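Subject: Handing over the structure, with notes on what was found

Dear colleague,

I am passing this structure on to you, and my notes on it follow directly below. Please read them with the model open beside you.

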Amino acid sequence: MTLREFRANDLPFVGAIVAEALHEHYDPSLYSSLSTEWPTGFLVAADASDVPVGFLLGVNQVEGEARVLMFAVDRNQRTQGIGTLLMTTFLERCRERHFRRVTLEVRVSNATAIRFYTRYQFSVVDLLRSYYSDGENGYQMARDLR
Ligand SMILES: CC(C)(COP(=O)(O)OP(=O)(O)OC[C@H]1O[C@@H](n2cnc3c(N)ncnc32)[C@H](O)[C@@H]1OP(=O)(O)O)[C@@H](O)C(=O)NCCC(=O)NCCS
């Protein structure tokens with residue numbers, strides 16, 4: 001498994017992971033423009049054939065803060081440490097940029113992700129009512145960086 005920055009030819013693979021894992025479809029131009037804004041904040045985990053099997057897309061919209069906009073690993077490749085590799089590397093990238101805080105949003109029903117984030121010292125800071133397009137509530141979670 002290698003970690004690298006997002007490339008344009010990753011789009012079909014990343015789009016497929018997002019569709020399956022997050023049940024969302026975004027215009028491909030979104031990934032390209034966000035990767036241009038902060039290339040090292042868009043991390044891709046690729047297999048031996050350089051095919052993406054997971055990714056973490058971080059953005060920097062607030063001064064001194066990173067936000068995890070999307071984070072997913074291919075269903076067949078989970079619980080092998082790929083998510084951990086993506087998250088720990090992302091937190092290093094954030095420290096390199098001297099960010100003070102990292103935030104994210106998660107569905108209240110997504111117990112697996114909430115447990116994962118809690119392991120990385122994220123905690124719930126807000127309840128986001130009807131945050132998702134299907135009406136489900138979200139939690140905003142955040143952690144400080146030292
Ligand atoms: C959240 C997500 C990205 C985690 O990715 P992952 O690759 O499975 O993450 P890891 O393998 O590093 O860790 C997952 C669990 O497997 C365990 N694990 C890791 N490596 C392991 C191994 N070799 N053997 C056994 N268990 C292992 C970890 O301890 C962890 O357990 P915990 O979360 O109960 O503490 C993944 O579940 C996912 O894509 N979910 C769907 C999309 C989603 O919900 N994204 C978040 C939206 S906000």
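What covers the buried residues of helix α2 includes α1 (11-22), β2, β3 and β4, where covering is a matter of contact, meaning heavy atoms within 4.5 Å. The helices (H or I, at least four residues) and strands (E, at least two) named in this email are DSSP runs, numbered from the N terminus. Helix α2 spans residues 28-37, and its buried residues are Y31, L34 and S35. Seen down the axis of α2, these buried residues fall within an arc of 100 degrees, so they line one face of the helix; the arc is that of the directions from the helix axis to the C-beta atoms. The face of α2 turned away from this buried side carries T36 and E37, which are exposed. Throughout, buried means under 20% relative accessible area, exposed means over 50%, and partly exposed is in between, with a 1.4 Å probe and protein chains only.

Please keep in mind that this is a predicted model, in which local features need pLDDT of at least 70 and side-chain atom pairs count only at pLDDT 80 or more, while totals for chains, interfaces and linings use all residues. Residues are numbered from 1 along each chain as its sequence is written, and side-chain values use heavy atoms, with hydrogens and water left out.

In α4 (residues 111-119), the buried residues are A113, I114, F116 and Y117. Viewed down the axis of α4, they fall within an arc of 160 degrees, so they line one face of the helix. The cover over these buried residues includes β4 (65-73), α3 (82-96), β5 (101-107) and β7 (138-144), whereas T112, R115 and R119 are exposed on the other side of α4. After α4 comes Q121, whose phi is positive, near 65 degrees.

Two residues in loops also have a positive phi. D50, in the loop between β2 and β3, has a phi of about 65 degrees although it is not a glycine, and at 34% relative accessibility it counts as partly exposed. S130, in the loop between β6 and β7, has a positive phi of about 50 degrees, and it is not a glycine either. For background, most residues other than glycine have a negative phi.

The loop between β6 (123-128) and β7 also holds E136, which is buried, with a relative accessible area of 18%. The side chains of E136 and S109 are joined by a polar contact of 2.7 Å; a polar contact is a pair of N or O atoms within 3.5 Å, where within protein one must be able to donate a hydrogen and the other to accept it, and residues adjacent in sequence count only if both atoms are side-chain atoms. Leaving out residues up to four places away in sequence, E136 touches R107, V108, S109, S130 and Y131.

The largest nonpolar core has 27 residues, of which M87, F90, V102 and Y117 touch the most other members. Such a core is a set of buried Ala, Val, Leu, Ile, Met, Phe, Trp, Tyr and Cys residues joined through side-chain atoms within 4.5 Å. Two or more residues are given to this core by each of β2 (42-46), β3 (52-62), β4, α3, β5 and α4, and its largest share, six residues, comes from α3. A second, separate core of 13 residues includes I17, F55, M70 and A72.

Finally, the ligand. There are 21 residues around the ligand, and F71, T84, N110, R115 and R119 come nearest; a residue is near a molecule if one of its heavy atoms lies within 4 Å of it. A polar side-chain atom of N110 lies 2.6 Å from an oxygen atom of the ligand. A polar backbone atom of V73 is 2.8 Å from an oxygen atom of the ligand, and for T79 a polar backbone atom is likewise 2.8 Å from a ligand oxygen atom. The protein covers 72% of the 930 Å² of accessible area that the ligand has on its own, with areas from the Shrake-Rupley method with a 1.4 Å probe and, for residues, only the protein chains shown counting as cover.

With best wishes
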